[in-house]
Amino acid sequence: MPPQESLTTHLPTLTPHSLHRATTHPFLQRAGQGTLPKPVLEQWLSQDRLYAQSYIRFIGLLLSKLRFPAKPQSETESQSASLESRLSSTLIDALVNIRREIEFFEATAAAYGLDLSASTSTTPAGEEEGGKEFGPNAITHAYIDLFMAAGSPGASVLEGMVVLWATETCYLRAWRFAAGFLDQRQGGTQDTDGGALRKEFIPNWSSREFEGFVDGIGELVDVMARGGVADGEKGEVMRRCERWWRQVVWLEERFWPDVSL
């Protein structure tokens, strides 16, 4: 990584083609155009909800790593404590946001008649739901494993924050892409999903509020990368952060169901 380049600027340059594929997937285009079949949306929403539930555990693991001073600190120590405070505030906000997101999933699904326990052909054996096998598919399983690894004692807080930022920035980019097709729909065209994506999901996932949240995580990642790593360890830490980024982008590209344009 060039000395003057921030980590969040550097990481996307590692995977330009796969990042583009992950955030401009045909699923997203059809979502924006209102032509995504309802069963396909249900399958994706069901998996994304399971992803969100694992996200809660991941944030909890990151919060458990933060350490706060028991007594007043020197100026230098206070700066470190201030970073810990900013990290805790951001992670707590992430927990509040994801809980609200799950409630939003459920309320919107109920309003539009969407099944949040829709199974897929790649779903492994799991809980019985209405006579069908339901649970995380292979890619969702891999995402859950990634979260648990990034939150484990063997991974630093910086690495965990890189994973958090990577997932959120990919999600924002993807739904901003989908939002670009909203105005291209022909007047009077009926949404094949009943309008849930156009009226509810896409505006929420491409909003300025979400962008601000993602930018805030990125700022913390860059602050930690600049000042929280000993010089002798920077090379190895950066290599680990790069590996986490590559894994997230790989999973993001495969998390979308296959659809044709």
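How many helices and strands are there in the chain, and how do the axes of helix α7 and helix α10 cross?

Guide: The model shown is a predicted one. Its chain holds ten helices and two strands, and along the sequence these elements follow the pattern α-α-α-α-α-β-β-α-α-α-α-α. The chain has 261 residues, of which 49% count as buried. Among contacts in the chain with a separation of 6 or more, 81% are accounted for by residues 24 or more positions apart. The accessible surface of the chain comes to about 12,700 Å², and carbon and sulfur atoms contribute 51% of that area.

Turning to the requested part, helix α7 spans residues 157-179 and helix α10 spans residues 234-255. Their axes come within 9 Å and cross at roughly 30°. Angles under 35 degrees count as roughly parallel, and α7 and α10 are therefore roughly parallel to each other. The crossing in which α7 passes α10 is right-handed.

On the side of α7, the contact is made by Leu158, Glu159, Val162, Val163, Trp165, Ala166, Thr167, Thr169 and Cys170. From α10, the contributing residues are Val237, Met238, Arg240, Cys241, Trp244, Trp245, Val248, Val249 and Glu252. By residue class, this contact of α7 with α10 comprises 13 nonpolar, two polar and three charged residues.

Technical notes
Residues are numbered from 1 along each chain as its sequence is written. This is a predicted model: local features need pLDDT of at least 70, side-chain atom pairs count only at pLDDT 80 or more; totals for chains, interfaces and linings use all residues. Side-chain values use heavy atoms; hydrogens and water are left out. Axes are lines fitted to C-alpha atoms, for helices over the stretch in contact, and angles run from 0 to 180 degrees between N-to-C directions. Helices (H or I, at least four residues) and strands (E, at least two) are DSSP runs, numbered from the N terminus. Angles under 35 degrees count as roughly parallel, over 145 as roughly antiparallel, 65 to 115 as roughly perpendicular and the rest as oblique. A crossing is left-handed if the near helix is turned anticlockwise from the far one by less than a right angle, and right-handed if clockwise. Contact means heavy atoms within 4.5 Å. Ala, Val, Leu, Ile, Met, Phe, Trp, Tyr, Cys and Pro count as nonpolar, Asp, Glu, Lys and Arg as charged, and the others, Gly among them, as polar. Buried means under 20% relative accessible area, exposed over 50%, partly exposed in between (1.4 Å probe, protein chains only). Accessible areas come from the Shrake-Rupley method with a 1.4 Å probe; for residues, only the protein chains shown count as cover.
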